[in-house]
Amino acid sequence: MNVVNTIEQIRSLKKQKNALIVAHYYVDDAVQEIADYVGDSYYLSKVCMDRPEQLIIFCGVRFMGESAKILNPYKQVVMAEEHADCPMAHMIEIEKIREMRAVYKDLAVVCYINSTTEIKAEADVIVTSSNALEIVGQLPEKNIFFIPDEHLGRYIAEQLPEKNFIFNDGFCHVHTSITVESLKTAMAAQPEAKVLVHPECPKVITELADYVGSTSGIIDYATHDPAEKFIIGTEMGILYELKKKNPHKQFYAVGHRQFCPNMKRISLEDVYHALDTLKHPIELDEEMRRKAEGALSKMHQLAK
Ligand code: 13P
Ligand code: SF4
């Protein structure tokens, strides 16, 4: 099947099955183009709740599809690619959470949405990069165990000195591969460019940035800021939406390693096969799902 045929087949199957296709900004351009909604983790989680379609084809990594299923147990959530998974989602063990609960009485376990359902079920509240600061700031507990990402945790902690943060050592290999040296080289090559980075980057990178935020936050900043040039410190897939929204502005990646191999697994053919066969539905243990739903719903209540 050629690309044009695949796109036509996807459109016709989507209509026939009344399906919703959602995609993250990091997936391939062609997959973003075929999706009904493209967004950051928080937005995608909200869209899946707000839309009436009962069949959702998820073009993103597994924790995103699981989050949609946690909040919509009666909808069918099908992964476009079953092996697309985020390594960070597995970088914390349940035992560590339980140990921390035994040590601190006044503790909130704040879990980044980049985590498995099993881990979400142990958390008090879920956050994304777009709402973590806002949500943690509203929690009554003084002690915050931030899991699994250390860098996002440290970035939030700096802005909430009244809290006592305990960190975990999870990380994103895409964002930690952005080095000071490569960023400084990019800045020297484009001295007028503003630097926009994701908070999964280490502190040595975020402190050089003009703006730190989620993928949607980066797109909004670049779209509304009068600057003409931007150096982008996150996964390359975001460049598609940045250029689409701002055809007259210039965007530069920091280096060549800002590439998430899991997000990039998803092809147009996968989307077609997912729609055709519904082969990789998200299925969750009901008790675990209910527990995770409590923490994820709390995020939606606390985020404006
Ligand atoms: P956003 O929620 O900012 O889109 O981030 C998701 C992610 O996986 C970043 O690596
Ligand atoms: Fe996970 Fe990093 Fe890929 Fe985001 S970019 S999905 S955090 S591996």
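This is a predicted model: local features need pLDDT of at least 70, side-chain atom pairs count only at pLDDT 80 or more; totals for chains, interfaces and linings use all residues.
**Stop 1: around Ile218.** Is Ile218 buried or exposed? Ile218 has 26 C-beta neighbours inside 10 Å, and a residue needs 20 or more to be called buried, so Ile218 counts as buried.

Next, show the residues that Ile218 touches, leaving aside those up to four places away in sequence: Leu196, His198, Gly213, Ile232, Thr234 and Ile238. Keep His198 highlighted and draw a distance between the two C-alpha atoms. Ile218 and His198 are 20 residues apart in sequence, and their C-alpha atoms are 7.7 Å apart in space.

**Stop 2: the whole chain.** Zoom out and colour by domain. Domain 1 covers 3–86 + 263–277, domain 2 covers 88–171 + 286–302, and domain 3 covers 178–253.

**Stop 3: where domain 1 touches domain 2.** How many residues does each domain bring to the contact? Domain 1 supplies 11 residues and domain 2 supplies 14.

Stay on the domain 1 side and select 41–50 and 62–71. These are α3 and α4, the elements that give two or more residues to the side touching domain 2. Of that side, α4 gives the most, with five residues. Finally, colour the domain 1 side by residue class: six residues are nonpolar, two are polar and three are charged.

How values were computed
Residues are numbered from 1 along each chain as its sequence is written. Chains are lettered from A and ligands numbered from 1 in the order in which they are written. Domain bounds come from an automatic or database domain assignment. Two residues are in contact if their C-beta atoms, placed from the backbone, lie within 7 Å. Helices (H or I, at least four residues) and strands (E, at least two) are DSSP runs, numbered from the N terminus. Ala, Val, Leu, Ile, Met, Phe, Trp, Tyr, Cys and Pro count as nonpolar, Asp, Glu, Lys and Arg as charged, and the others, Gly among them, as polar. A residue is buried if 20 or more other C-beta atoms lie within 10 Å of its own, exposed if 12 or fewer, and partly exposed in between; C-beta atoms are placed from the backbone.
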